[in-house]
Amino acid sequence: MFYHENGLQYEVEVEDPNPQFAKMLQQAIGGAEGEMRVALQYMFQSFAVPSEMSEYKTLLMETAMEEMGHIEMLATAVAKNLEGASPEARESAREDAVIDEMMRSGQPRQALSAGLHAMPVDSNGVPFTGNYVVASGNLAADMYANVMAESTGRTLATRLYEFTDDPGMEDMLEYLIARDTMHQNQWHSVIDSFDEHLPVPASFPQEKENQDYNYTFMSTMREERADPEQPWTTGPSHDGKSEYSYTSEQPDGGPPNVEKVIDEMYNEVN
């Protein structure tokens, strides 16, 4: 069960409304790097955590709810940038050819379908998709996905920061960037709390793996080259279970030999 409190998680103010920036902020709401993605990702990951691991379940759900608050903050920022802008300011956003093309696909719909408010879409007007959400049911795998999600989200927020000189928007983004820092670190801390998790999933018996290739870096260069002696080609493996090795040769499985099968299928149909 969820509850909503009528108050933003952090103050959102816009001194100089900018419809162009509102359009860009949509990426932080409904884009692949956006808050809708992480909110649902952490929520669905939490649903899959067994009750005996309640500390992880709670952490994921609390962070999911925080991300929901970020969506509300960004939606407020979009509305303030759109509603507060003069007709001249809205039109001037089209002076840049690239931005003009972007706005053609999304800005009219924000006016027509949402009354100059935020929508669950990205900066190109493409609707949010659940395909962005990673919730595998394997906690270790999901934590690595979460680190990536927070890293790309922080990258997006810092790029947005470079596109505005509005003090209110800078303040909001400085807060969101700070939370990305915390979330990256907390997911790394969860990974570190696992006794043994590599390779993911660690539950599969490694003795069943092909022992000739489970810690071998395969070069796919057309011409054979010597071992570059990098940290991933020599020395202890990251999981500490073996030693890296290097080969410039592939196992070579021969031709796929599917022509006959395809011919037989074709003849049956025709």
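## Overall architecture

The protein chain contains 8 helices and 3 strands. These elements are DSSP runs, numbered from the N terminus, with helices (H or I) of at least four residues and strands (E) of at least two. Along the sequence they follow the pattern α-α-α-α-α-α-α-β-β-β-α. The model is predicted: local features need pLDDT of at least 70, side-chain atom pairs count only at pLDDT 80 or more, and totals for chains, interfaces and linings use all residues. Residues are numbered from 1 along each chain as its sequence is written, and side-chain values use heavy atoms, with hydrogens and water left out.

Of the 270 residues in the protein chain, 38% are buried; buried means under 20% relative accessible area, exposed means over 50%, and partly exposed lies in between (1.4 Å probe, protein chains only). Among contacts in the chain with a separation of 6 or more, 73% involve residues 24 or more positions apart. A contact requires heavy atoms within 4.5 Å.

## Confidence

The predictor's confidence in each residue is given by pLDDT, from 0 to 100. Its mean over the protein chain is 88, and 84% of the residues reach 70 or more. Confidence is highest in helix H2, at a mean of 98, and lowest in helix H5 (residues 97–114), at 53. Where pLDDT is low, the predicted coordinates should not be read in detail.

## The cavity

The whole structure holds 1 cavity of 30 Å³ or more. On a 1 Å grid over the protein atoms alone, a cavity is a set of points where a 1.4 Å probe fits but cannot get out, whereas a pocket is an open set with protein on both sides within 12 Å along at least five of seven lines; lining residues have an atom within 4 Å of a point. Grid points are joined across faces, edges and corners, and a volume is the space filled by probe spheres set on the points.

By class, the lining of the largest cavity comprises 9 nonpolar, 2 polar and 5 charged residues. Ala, Val, Leu, Ile, Met, Phe, Trp, Tyr, Cys and Pro count as nonpolar, Asp, Glu, Lys and Arg as charged, and the others, Gly among them, as polar.

## The largest pocket

The largest pocket has a volume of about 350 Å³. Its lining includes Phe2, Tyr3, His4 and Glu5, together with Met43, Met65 and Met68. Helix H3 contributes the most to this lining, with 4 residues. The lining of the pocket divides into 6 nonpolar, 4 polar and 2 charged residues.

## Aromatic pairs

The structure contains 6 aromatic pairs. Rings of Phe, Tyr and Trp (its six-membered ring) pair if their centres lie within 6.5 Å; planes under 30 degrees apart count as stacked, over 60 as edge-to-face and the rest as tilted. One of the pairs is stacked: Tyr10 and Tyr175, at 4.3 Å centre to centre and with 10 degrees between the planes. This pair links distant parts of the chain, as Tyr10 is in the segment before helix H1 (19–30) and Tyr175 is in helix H7, 165 residues apart. Tyr10 is partly exposed, at 26% relative accessible area, and Tyr175 is buried, at 19%.

Phe128 and Tyr132 form an edge-to-face pair, with 5.5 Å between centres and 70 degrees between planes. Phe128 is buried, at 17%, while Tyr132 is partly exposed, at 21%.

## A buried asparagine

Asn146 is found in helix H6. Its relative accessibility is 0%, so Asn146 counts as buried. Leaving aside residues up to four places away in sequence, Asn146 touches Gln41, Tyr42, Gln45, Leu60 and Trp187.

## Backbone features in the loops

The bond from Leu198 to Pro199 has omega near -10 degrees, and the bond joining Val200 and Pro201 has omega of about -5 degrees.

Glu229, although not a glycine, has a positive phi of about 55 degrees. Glu229 lies in the loop between S1 and strand S2 (235–236) and is exposed, at 62% relative accessibility. Asp252, also not a glycine, has a positive phi of about 65 degrees. Asp252 lies in the loop between strand S3 (243–247) and helix H8 (259–269) and is exposed, at 66%.
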